[in-house]
Structures are given as structure tokens and as C-alpha cells.
Amino acid sequence: MTDYDGRRINPKVFFEPIYDPELAEQLNSNDFVERSWDFSQDKGPCRYVFNGGDLNGDYYKIELVNFFECDLFNVKGKAITFKDCSFNKCDFRGEFINVKFSNCTFETSSLSLVKFYNCQFRDCKFVKIGVSGNESQFVLSDITNPSDFLRAASTNLDHLPDGKMEEYQLLRLEQTRAMSYPPKFGH
């Protein structure tokens, strides 16, 4: 068992689409350890942490990588591009600066505790994503399909704790969507 305490197994964030209390039983000691950004031998990383602080160059192009149950945080640089990548059950945190996502898919992933600064989301697909009207920030960033982004906002209804009703969670989700609209994608 790892000492990982991410949003997938933290009972306080049961509303996140990535929340999965059953995952704690499946974790191994090598799950969710930091990994390098070299994808030459592995285009399908699973259960790793990617720290943007490990990116030392000015330009990175990450293409055709399928991230599964990975955490990505503090990705900053002069120019970082994710092209034709998928992020399934991933958790984005911290700051993403000067990052371009082109034709990427975000599915059952959390964008709740992240600040995107000078980022682009070009022709991306969004399915069941966690967002926060208070904490998700898009500053000087562009999403080419903001209505699809907002429609994809989701909450977890599969693992509700005792006393939490599905109707209440759906109401909270609609409040988040309302707080996010019009999207705070401008200056």
C-alpha cells in the first residue's frame, strides 16, 4: 500500500468524478510515484505523478500519450504542447503556464484545483470533468469550445457518503456551472 493520499481516495472530496474509495484497496507501493516525462518507451502511463518542476527545457511536445489515473501538477515553461493525448481519471493541480492542449481528451478527470495561465485548449473533448466555480481558474487562456467544457462538468454520484443525497449533489453541480458562466477565460 502506498502513502498516496490523492483526490481519488480522500473521503472529503467525494464529489470529484475521479473519487474512488475502492481504489485504496488496489494500490501497490509503486503506484503514484513521480515519473520522468520521457514517453519514448511508454505511451500509456498508469498511476504516476508528473511534476512539472522536472521539465527543464524551454519547449516540450508530448504527443499521443494516454495518461490513466495520473496526477499532473505545476506544468510551466516557455512552450509545452500536449497533442492528441488523453487524460482519463487524471488529477490536474497547481499552476499550468504556457501550456497548449491540442486535440486532447479529458475524461473523468479533475480540473478543480488548478490555475491555467496563458494556456490553450484547441479542439479538445471533455467528458465528466470536475471543475470548481471558485478554484478552477483560466487566466489569459482560451478554450475553443467553452460550452462543451461547461456541459462536461460533472460530480460523483456513485460513492456518496451517508447523508448526502444525489439531488443535493446535482444542485451543487449546477451552482458550479452557473459560477463558471460566463467562463472566466479572459484577462
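This is a predicted model: local features need pLDDT of at least 70, side-chain atom pairs count only at pLDDT 80 or more; totals for chains, interfaces and linings use all residues.
Local features were taken at pLDDT of at least 70 and side-chain atom pairs only at pLDDT 80 or more, whereas totals for chains, interfaces and linings use all residues. Residues are numbered from 1 along each chain as its sequence is written, and side-chain values use heavy atoms, without hydrogens and water.

The largest pocket holds about 470 Å³ of space. Its lining comprises 25 residues, with Phe15, Val131, Ser132, Arg172 and Thr176 nearest the centre. A pocket here is an open set of points on a 1 Å grid over the protein atoms alone, where a 1.4 Å probe fits, with protein on both sides within 12 Å along at least five of seven lines; lining residues have an atom within 4 Å of a point. Helix α3 (166-179) and strand β9 each give two or more residues to this lining, and α3 gives the most, with 7 residues. Helices (H or I, at least four residues) and strands (E, at least two) are DSSP runs. By class, the lining has 10 nonpolar, 10 polar and 5 charged residues.

The second largest pocket holds about 190 Å³. Of its 14 lining residues, Pro17, Tyr19, Lys89, Thr108 and Asp158 are closest to the centre. This lining divides into 4 nonpolar, 4 polar and 6 charged residues.

Asp31 lies in the loop between α1 (23-26) and β1 (33-34). Asp31 is buried (under 20% relative accessible area), at 8%, and its side chain reaches the backbone nitrogen of Asn28 at 2.7 Å. Phe32, in the loop between α1 and β1, is buried at 7% and has a positive phi of about 60 degrees.

Key:
Buried means under 20% relative accessible area, exposed over 50%, partly exposed in between (1.4 Å probe, protein chains only). A polar contact is a pair of N or O atoms within 3.5 Å; within protein, one must be able to donate a hydrogen and the other to accept it, and residues adjacent in sequence count only if both atoms are side-chain atoms. Grid points are joined across faces, edges and corners, and a volume is the space filled by probe spheres set on the points. Ala, Val, Leu, Ile, Met, Phe, Trp, Tyr, Cys and Pro count as nonpolar, Asp, Glu, Lys and Arg as charged, and the others, Gly among them, as polar.
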